[in-house]
Amino acid sequence: MKQKTAIIAVIGMMLASCGPKQEHINVQDEFTPLEAGAVHLDGFLDDYIRHSITQWNKGVVPYASFVDFFRHGRPQFALGEMWGKAVRSGCMFYRYTQDPELKSILDSTIQDMLSAQRPDGSISCSEPEQQPDGPNGDLWERKYVMLGMEEYYEWVNPDPAVLESLAKQVDCILAQVGKAPKTEITDLGWSATNIGYEPCHIESGTLLEPFMRLYKWTGERRFLDFAAYIVESGGTKEYNLFEQAYNNVEPHLMSGHYPKAYEMMSLFEGLVEYYRATNDPRIRQAFFNLYHHIREKEITIIGNGGGDQPYHPRVMGEAWDHTAFEQTNPDITRMMETCVGVTWMKFCSQILRLTGDVSTVDEIEKYVYNGLIGAMKPTGDGFSYVNLLNGCKVNDHGWGWTFGDVHVTCCNLNGPMGLAYLPYVAVMNSASGPVVNLYNAGTAMASTARGEPVKLEMITDYPLSGHILVRVTTQKPETFSIRLRIPSWSKATGMQVNGEPVSVSPGTYATIERKWSSDDRIELELDMRCRIIDAPHGSNRAGDHFQALVRGPVVLARDEKIDEHYNDPVSLVSKDGFAEIIPEDPTIPGTKMQFRVPTADGFIRMVDYASVNNWDGSHICTWLPEVQ
Ligand SMILES: [Zn+2]
């Protein structure tokens, strides 16, 4: 036992010293992520993570071609975003795996990009005389260069040359963008003139996040002043999005004709960082209002949101569209961009860290097990662009560029970042002890209230079953709390600590405060009964007569490949809102879960939404039409 605890202490010390200090903040977070390398996942989610790292970040990503856009220009607007997005997911993955091969890929592309810095300090795809270049998305691209370098500085290597480069990039932006005679930030961008609307330029204000990260590390006033200027600008040319959010304007009505979901949340992620420095209660209210409105009015059954119908057809499925209510609207042809889902997940994780609000993890879990892994290519080298619930669920076409035989889209680049957030969110620390958010087999090195290391070992096949065993190992006995998330869907949950029952409530953290010592055990039995969900009432009443099935966090669907009648109306047999489904061996390799679902005529086969493979153009049915 002595040897075991000594090893834990050494690992704790090793983990304690990485990343820049974050001193210049006025609001302390409720939850903090564990140190880099402190979470090790096995099994279900880890398979997706490793596959993505191997096939994408260490596989097909053409880093050198991405950097070339900054030396020789780009053939299409906004392509300069690609480098920063690829690098930031790689850095977050490195935070998890500490893989030297991944580090060396990141080291060399960072050096390559540093060498592309222009004499004016910019790292830009536009020549100095064109800067700042509105229609080509110069500021959006520069934002992603900054974010890529910041992730690298924070999680891979705090190289002073990177910080120096970032400061020069910022000074160039400060010289070019601002009040007259400089160019106002809301006069720069491509949206929404690219689809024939008046200028909105929501994307440029997303510089807020990289500026605030730099301020947190350095405390330099000019970073915060520019962030304040962005917030004063309101985020778009015509509408003040921060005031709209504060005044509870619904997301699909914000920003006029152009409530672009991805950019809006990216902007508000920066706003959370701004709040940490300023402690302004109006700012806090604004992002909270947006969070709650998106959660209630936009997010579908698979945890992603936005659509093309009925309100914003010209924004091609990438706008807020009251989609929680419209998700069964038969007119929808495009919805739930992967960039939106991943940014929603990141926005939720910001609110989680800041407030400890457990509802954010319900949202993250819903997206992860359905929308996110359901959008990933089985080959691991990309993600669907937009996604559907009924029809062909995936779509490989969309904004992007082709490099040799690799087609890179915005969503191929963002999907891996969603996976990279899983270990970041799964287990966290609080002042009183560890917090378990996501259940997946694995190990986490967290901290007790006194800052001593504590190891949590999760033994489970979740989400195949709802049984989870958590083994606790401490250095020496200590009184602290362990919080475990009880999902809001788990209405009848069993929990025992060392065999003693503990009563818990759905949609809360179960907080167990006691003197913990090594080999203490927590057992959790989540309620995996299959729930039947009725369609929401949207604007098109033809969408009213549908039902969906959800088992634990996992949405079920009918797969055309195993059932040619996949789209036919059915009459589900249920009791108290639950269907008595029976697991069976999957018909097709690659399917994770398959069930027999009772109907008035016998049964149908359903599988988990995520593992249905529609990349060959086949179809899925998630919202099942009811027999009328
Ligand atoms: Zn995208």
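Two strands count as paired when DSSP finds at least two bridges between them. Helices (H or I, at least four residues) and strands (E, at least two) are taken as DSSP runs, numbered from the N terminus.

**Entry 1: ground rules.** I noted that this is a predicted model, in which local features need pLDDT of at least 70 and side-chain atom pairs count only at pLDDT 80 or more, while totals for chains, interfaces and linings use all residues. Residues are numbered from 1 along each chain as its sequence is written, and side-chain values use heavy atoms, with hydrogens and water left out.

**Entry 2: the sheet.** I looked up strand 12 (residues 494-497) and found it joined to strand 15 by 4 bridges, the two running antiparallel. Glutamine 496 has glutamate 523 of strand 15 as its bridge partner. Strand 15 (residues 520-525) is also joined to strand 10 (residues 467-474), by 6 bridges and again antiparallel. There I found histidine 467 partnered with glutamate 525, and arginine 471 with arginine 521.

I then traced the open sheet, which has 7 strands in the order 2-8-9-10-15-12-13 with antiparallel pairing. Strand 2 (39-41) and strand 13 (500-501) are at the edges with a single partner strand each, so one side of each lacks a neighbour in the sheet.

**Entry 3: the zinc ion.** I looked up the donors, meaning N, O and S atoms within 2.8 Å of the metal (3.2 Å for Na, K and Ca); water is not among the atoms, so sites may look incomplete. Glu337 (OE), Cys339 (SG), Cys410 (SG) and Cys411 (SG) coordinate the zinc ion at 2.1 to 2.3 Å. Their spacing along the chain is E-x1-C-x70-C-C. The angles among the 4 donor atoms are 103 to 118°, and the site is tetrahedral (four donors with all angles between 85 and 135 degrees).

**Entry 4: aromatic rings.** Rings of Phe, Tyr and Trp (its six-membered ring) pair if their centres lie within 6.5 Å; planes under 30 degrees apart are stacked, over 60 edge-to-face, and the rest tilted. The count comes to 23 aromatic pairs. In one of them, tryptophan 140 and tryptophan 190 have ring centres 6.1 Å apart and planes at 90°, so the pair is edge-to-face. Tryptophan 140 is in helix 6 (residues 138-155), and tryptophan 190 is in the loop between helix 7 (160-176) and helix 8 (208-218), 50 residues apart. Tryptophan 140 is buried at 1%, and tryptophan 190 is buried at 9%.

I also found tryptophan 155 and tyrosine 424 edge-to-face, with centres 6.4 Å apart and planes at 70°. Tryptophan 155 is in helix 6 and tyrosine 424 in helix 16 (residues 410-426), so this pair ties together parts 269 residues apart in sequence. Both residues are buried.

**Entry 5: glutamate 263.** I placed glutamate 263 in helix 11 (residues 261-278). Is glutamate 263 buried or exposed? It counts as buried, at 3% relative accessibility. Apart from neighbours within four places in sequence, glutamate 263 is in contact (heavy atoms within 4.5 Å) with Trp140, Trp190, Ile202, Glu203 and Thr206.

Key: Four donors count as tetrahedral if all angles lie between 85 and 135 degrees; four count as square planar and six as octahedral if opposite donors are over 155 degrees apart and all others between 65 and 115; anything else is irregular. Buried means under 20% relative accessible area, exposed over 50%, partly exposed in between (1.4 Å probe, protein chains only).
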